[in-house]
Amino acid sequence: MYQDAYYVDKRTGTFGDVFLAYGLATLLDSVLASFVEGDHWVRIRDDGAYYAIELSHPLQKEWVDKAPFQALVPYLKNDATDPRVTQTIPSNGIVDYEAERERYQQYRQAVKQKAPTETLAQQKPHPDFQVWDWIRSERLDYKKKGGQYVRCPYNDLVWRWQSLDPYFAENLRHILMLCAAPDGDVEAVETAWRKRMKELGVKVKSDATLLQLFNPSQGKGLNEPKASRLEMGNIKSFWLLEYLKAVGMYHCAVPRRVQGTDDRKTYALAPVNMRLGINDAVLAAFQDALWNDTAVRMDILAALRYTTCFLDYCQAAKEADLMAELFGQGPEDFVAGMHVTYYKSLGQASAVMNLSFIELPRWMRVESPNDVILYKEVIEEHENIIRNIDEDKGGYDLLVYYRDFLSGGKWKAFFDFTADYGPFLMRELDREHHWVRPFTTKNLEVLIMKSNEPLAPILESPGFRNIAEAIRRSTITPQYRGRSKSEYDIRYGLGQELKRKSLYNDEFIVALGDFMQSYNAENARVYEKTGKQYRRNILTTDVEDVVRLVDKYGATTVGNLLIAFGYARDPREEGLASDQTVRELTN
Amino acid sequence: MWLIAEYQSVTLFSFRSGLATTSAAKTLFLPTPFAIRTALLDAAIRTNGRAAGQAAFEWIKGLSIAICPPERVVVTNLFAKILKPTRKEEAESAMDRTIAFREYAQLVGSMALAFSPAEERADELRHLLSQVNYFGKRGSLFQLLKSPIEVEELPKAFVCMDGTYLQGIQVNGEEKRHFVLGLIQMMDDWGKTLTFSKVNIYTDEKIVLGKDRVRKGILLPYRLVRSSKGFSHYEQLPMPG
């Protein structure tokens, strides 16, 4: 039982397991902090069927016996809180929810009024406010008609932990007993704890209602051992586990509201191999970075922004060991992604509408510190693109494609996204929404060449590059110049046409041939009219290159890439947005 | 001796974990030993009558069960409109409409079940296995692919479903084993104290959790390959040894 690793089984497959793992890690960290002088750490490692909580120093019996009481989470007080609570719990263990809410609303008001940075910094809400607000969504303390005080289930756990302060060592010992090996026997430990409390003369319940807050698949509902009756009810469990879940929530949960609705989404980090200290530092940055947003876009931004926060942390070299560990790996080797629970508001109550898992992008392999910079640029570009797609104004499908690529790793979804993003971009440019930007070829190359190496020969082929450039100069380049100023036609629908034809090799080659022929003819026409040629002709060698690639990789792959690169901006080409910099090209 | 029956899932499989409530029903990937035994009992009653079912109850309870899981499982996350008992005191209808989370699993590849019947029960079990066309929730249909076969040794690809569990104060089932990567699913099974009368839904006798209905942590050889908002894709891990 006194060892350097403890275990938490993944019993429910939801973020309840993660909360428990983080809760145990926090408790063990507090014990180490009381007895270990100098450096110490606690690491959470995903071992498949369970989480292993590894300690820098093995726990000792003496530490457990003498461990000072640790109040790990605060009591959320409101107007209906029993005065005995405020008398019993030290003031630093109580949070006045209403006061914190007031502070949060003032901050939001200040943001709306574009207050100066210093004012905003002063009024910044507590970093845990969103968690408190989420707890409050299931009702805080209240008074019954007769004046009897009722504690909300979260506060009840905090209160029970606090009131068993003299028996902290017993609680700790039973938790260790339960988590000493995988597949711990909850019922047996609960029975042992109950027996021990009876011996000590303590009258206390050993069970607690499973809260939907920590256990999204176990909210109030029907669950009968025999299929002969149905009765709504709550499931109960060992209260110490529920308390640890409440503790763990503060170290991994990021609850947010879905913009424009009363619905909520809670993101909970799923660690693969993370030290608690680093986790907390990255989480703090992530909480600042993720704001309420629409449902799909928030999933995407959550994954992208957590990755950025993680890379920022590595880059700042606050933790040299972490940077060294990162080499040869990606952020997903430290945090796999996030459990996401969608709570649909039904007025007074809410229902769990979705339980899912959003992965962090898996296309990063950090081989050198430069790679971190490179990947951050790619993420920033993707984030800028995603931020400008409005989910409620026709961008829903685009965002769903992108989310399936980002989280599900589906390249097909990415190419569907790029194929649809082209027309979207052209529409936006038509409306002079120049803040909507295309991908850059450089970052597309990084994305594809680092994560999908077999496709590298396609991107390196001069024929492929020239034809992608021709597509670009027939679509977004003249669009940036403006319809009236461009010498060349804007070919609306070219991307969709190529995408449609790319199902079959021969049809794709025919479609591409038609485009090339008309492209060169248009060049000749403009040259005849103005005496100038602003873009290169497509050469027969380019055609030969692409036909060879289609034979080898198929029209779908080559077509997808041509569309992606054709609608991307080449940073080496100057003046996409300025007509003064159009270069004169001679054939 | 083991009798092996190979089934193909022919619809999406959905079977709420015993840990979950109807408000957000995460599905198990595979039928539980409780569901498998109950399907056999159901087949016995439907084909041979109630008395035969009652007689079969004891030997079905004594069967060891192992499973060879399908190669892949893809779980779809959805929500459905459901009815739940109303909480209103003066309601016009006994049920209210609401929504709830539901998961449906596509089992890619066949699923084989292995049983250890006494020799004299093998033919009867073979007959019952051919009568089973769903496990767990009605609508999670399975098709028996061929007549069950007998083998002496249980092939390595099978996962024994007799995990460690507590019944009263007694620890039953397999000893703790070396853990491999995989994922745990909490599955129910018939407890030793379960009787035909308790399992009969037309009697008032209760099934007591932890005694009549025991919960086992079964380690399945799967790992999460990819997932997004709408799906999770699991792939089988190679079996150890």
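Me: Why are α12(A) and α15(A) called oblique to each other?
Reply: In this predicted model, the axes of helix α12 (residues 295-315) of chain A and helix α15 (residues 391-406) of chain A cross at roughly 40 degrees and come within 8 Å. Angles under 35 degrees count as roughly parallel, over 145 as roughly antiparallel, 65 to 115 as roughly perpendicular and the rest as oblique. The pair α12(A) and α15(A) is therefore oblique. Axes are lines fitted to C-alpha atoms, for helices over the stretch in contact, with angles from 0 to 180 degrees between N-to-C directions. Helices are DSSP runs (H or I, at least four residues), numbered from the N terminus.

Me: Which residues make the contact of α12(A) with α15(A), and what classes do they have?
Reply: With contact meaning heavy atoms within 4.5 Å, α12(A) supplies A:A295, A:V296, A:R297, A:D299, A:I300, A:A303 and A:L304. From α15(A) come A:E391, A:Y396, A:L399, A:V400, A:Y402, A:R403 and A:L406. The tally is ten nonpolar, no polar and four charged residues. Ala, Val, Leu, Ile, Met, Phe, Trp, Tyr, Cys and Pro count as nonpolar, Asp, Glu, Lys and Arg as charged, and the others, Gly among them, as polar.

Me: What makes α16(A) oblique to α24(A)?
Reply: Helix α16 (residues 411-430) of chain A and helix α24 (residues 555-566) of chain A pack at an angle of about 45 degrees, with axes 9 Å apart. That angle makes α16(A) oblique to α24(A). Their contact joins A:F415, A:T418 and A:A419 of α16(A) to A:N560, A:L561, A:I563 and A:A564 of α24(A). It has five nonpolar, two polar and no charged residues.

Me: Why is α1(B) called roughly perpendicular to α3(B)?
Reply: The axes of helix α1 (residues 33-48) of chain B and helix α3 (residues 122-131) of chain B cross at roughly 95 degrees and come within 9 Å. That makes α1(B) roughly perpendicular to α3(B). Among the residues in contact are B:L40 of α1(B) and B:L125 of α3(B).

Me: How do you know that B:R226 forms a salt bridge with A:E359?
Reply: A salt bridge is a side-chain nitrogen of Lys or Arg within 4 Å of a carboxyl oxygen of Asp or Glu. The closest N and O atoms of B:R226 and A:E359 are 2.6 Å apart, and the rule finds one salt bridge across the interface of chain B and chain A. At this interface 46 residues of chain B are in contact with 51 residues of chain A.

Me: What separates A:D65 and A:K61 by about one helical turn?
Reply: They are four residues apart in helix α2 (residues 61-66) of chain A, which means about one helical turn. A:D65 also forms a salt bridge with A:K61, at 2.9 Å between the closest N and O atoms.

Me: What are the conventions?
Reply: Residues are numbered from 1 along each chain as its sequence is written, and chains are lettered from A and ligands numbered from 1 in the order in which they are written. Local features need pLDDT of at least 70, side-chain atom pairs count only at pLDDT 80 or more, totals for chains, interfaces and linings use all residues, and side-chain values use heavy atoms, with hydrogens and water left out.

Technical notes
Helices (H or I, at least four residues) and strands (E, at least two) are DSSP runs, numbered from the N terminus.
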